[in-house]
Amino acid sequence: MTTTHESPSAADSGASASESFKASLERRGSAASSSERVATVVTGILKGIHDAIRANDVTYPEFQAAKAWLISVGEGGEWPLFMDVFVEHVVEEVAAQNQKGSKGTIEGPYYLPDQIRLPSTATLTMREDEAGTPLVFQGQVRDIAGDPLAGAEVDIWHADNAGYYSGFAAHVPTGNLRGVIVTDDRGRFEITTVQPAPYQIPHDGPTGALIEAAGWHPWRPAHLHLMIRAEGHRTITTQLYFAGGEYLESDIADATKPELILDPTPEDDGTARVRYDFELEPA
Ligand code: MBD
Ligand code: FE
């Protein structure tokens with residue numbers, strides 16, 4: 001199999017996503033679960049599977065195909081991709097039940113910690129000839145009482161104009177379109193970047209194969225990923241989308257929300273400009 005610069009393989013991004021997830025486990029902290037909790041949740045999951053088998057008269061050949069596919073997801077390193085595309089939005093929905101302040105949504109498989117720290121007005125690290133409409137994204141980070149949060153971190157990462165993420169596609173330079181912007185004394189930030197393109201699930205891997213076999217489309221709408229952190233406050237992980245963009249109503253990862261849609265204003269010089277503020281609740 002050949003890999004071109006234009007189509008990095010699913011195996012490359014899968015392996016990177018699995019490695020970066022394993023490396024993140026310490027930072028995230030893992031749940032210590034009682035046997036009651038494990039039994040309750042796993043019983044519920046298995047019941048869902050058993051019910052689907054009965055309701056659809058699933059056959060032995062289908063059962064074997066499912067096992068073969070599950071093995072290939074592991075071998076291709078695509079469990080982070082699969083889980084974040086098809087499952088994470090419900091975990092986020094549950095986590096957000098008691099969350100005040102700005103809306104969050106799923107993190108997805110392509111976050112990388114410890115990116116370059118930048119001042120409140122900054123241009124993201126990008127290639128000299130980075131393709132895409134220039135985008136100036138400004139705003140303010142506040143607490144839920146409306147007071148500005150100075151020194152808050154706006155950790156941003158997004159795909160390039162072809163839908164690829166640095167760190168997960170070999171042809172994109174390290175750190176491209178990633179950075180941690182620190183708000184000024186009035187909680188403000190202004191980030192210059194380029195507008196990302198919609199993201200397509202790699203079609204040469206097992207997740208892509210499933211999507212094709214089911215006749216679904218493999219796209220997420222164009223989006224910016226953000227993690228907003230401030231001392232003493234609950235971190236918000238979110239994404240921002242673009243009004244009028246393709247797949248907004250049919251995100252394969254089901255992670256859009258009406259509150260998360262930007263509508264940038266095109267300026268005379270071809271730059272798109274938009275404002276969006278964040279409010280964090282106490283930790
Ligand atoms: C992405 O870029 C993404 O944000 C998610 C949630 C899943 C796959 C790719
Ligand atoms: Fe993404």
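Trainee: Into how many nonpolar, polar and charged residues does the shell around ligand 1 divide?
Mentor: This is a predicted model. Among the residues that surround ligand 1 are Leu81, Val85, Ile106, Gly108 and Arg220. Gly counts as polar and Arg as charged, while Leu, Val and Ile count as nonpolar. The shell divides into seven nonpolar, three polar and one charged.

Trainee: Which side chains have an N or O atom 2.9 Å from an oxygen atom of ligand 1?
Mentor: A polar contact needs a pair of N or O atoms within 3.5 Å. An oxygen atom of ligand 1 is 2.9 Å from such an atom in the side chain of tyrosine 165. The side chain of arginine 220 also has an N or O atom 2.9 Å from an oxygen atom of the ligand, and for one further side chain the distance is 2.9 Å, that of histidine 225.

Trainee: How much of the accessible area of ligand 1 does the protein cover?
Mentor: Ligand 1 sits in the largest cavity. On its own, the ligand has 260 Å² of accessible area, and the protein covers 100%.

Trainee: What is the bridge partner of histidine 223 in β10?
Mentor: Strand β9 runs antiparallel to β10 (residues 236-242), and six bridges join them. The partner of histidine 223 is tyrosine 241.

Trainee: Which strands are at the edges of the open sheet of six strands?
Mentor: The pairing in this sheet is mixed, and the order is β1-β5-β4-β9-β10-β11. An edge strand here pairs on one side only. The edge strands are β1 (117-118) and β11 (261-262).

Trainee: In which sense does β6 pair with β2, and in which with β3?
Mentor: Threonine 123 stands opposite threonine 192 in β6, and β2 (residues 121-123) pairs with β6 (residues 188-194) over three bridges in the parallel sense. Glutamine 140 has arginine 188 of β6 as its bridge partner. Strand β3 (residues 134-143) pairs with β6 over seven bridges, and the sense is antiparallel.

Key:
Residues numbered from 1 in each chain as written. Chains lettered and ligands numbered in written order. Predicted model: local features only at pLDDT ≥ 70, side-chain atom pairs only at ≥ 80, totals over all residues. Heavy atoms only, no water. Near = heavy atom within 4 Å. Polar contact = N/O pair within 3.5 Å; in protein donor to acceptor, adjacent residues only side chain to side chain. Areas by Shrake-Rupley, 256 points an atom, 1.4 Å probe, with all protein chains shown as cover. 1 Å grid on protein atoms, 1.4 Å probe; cavity = no way out; pocket = protein on both sides within 12 Å on 5 of 7 lines; lining within 4 Å. Sits in = over half its atoms within 2 Å of the grid points. Pairing = 2+ DSSP bridges. Helix = DSSP H or I, 4+ residues; strand = E, 2+ residues; numbered from the N terminus.
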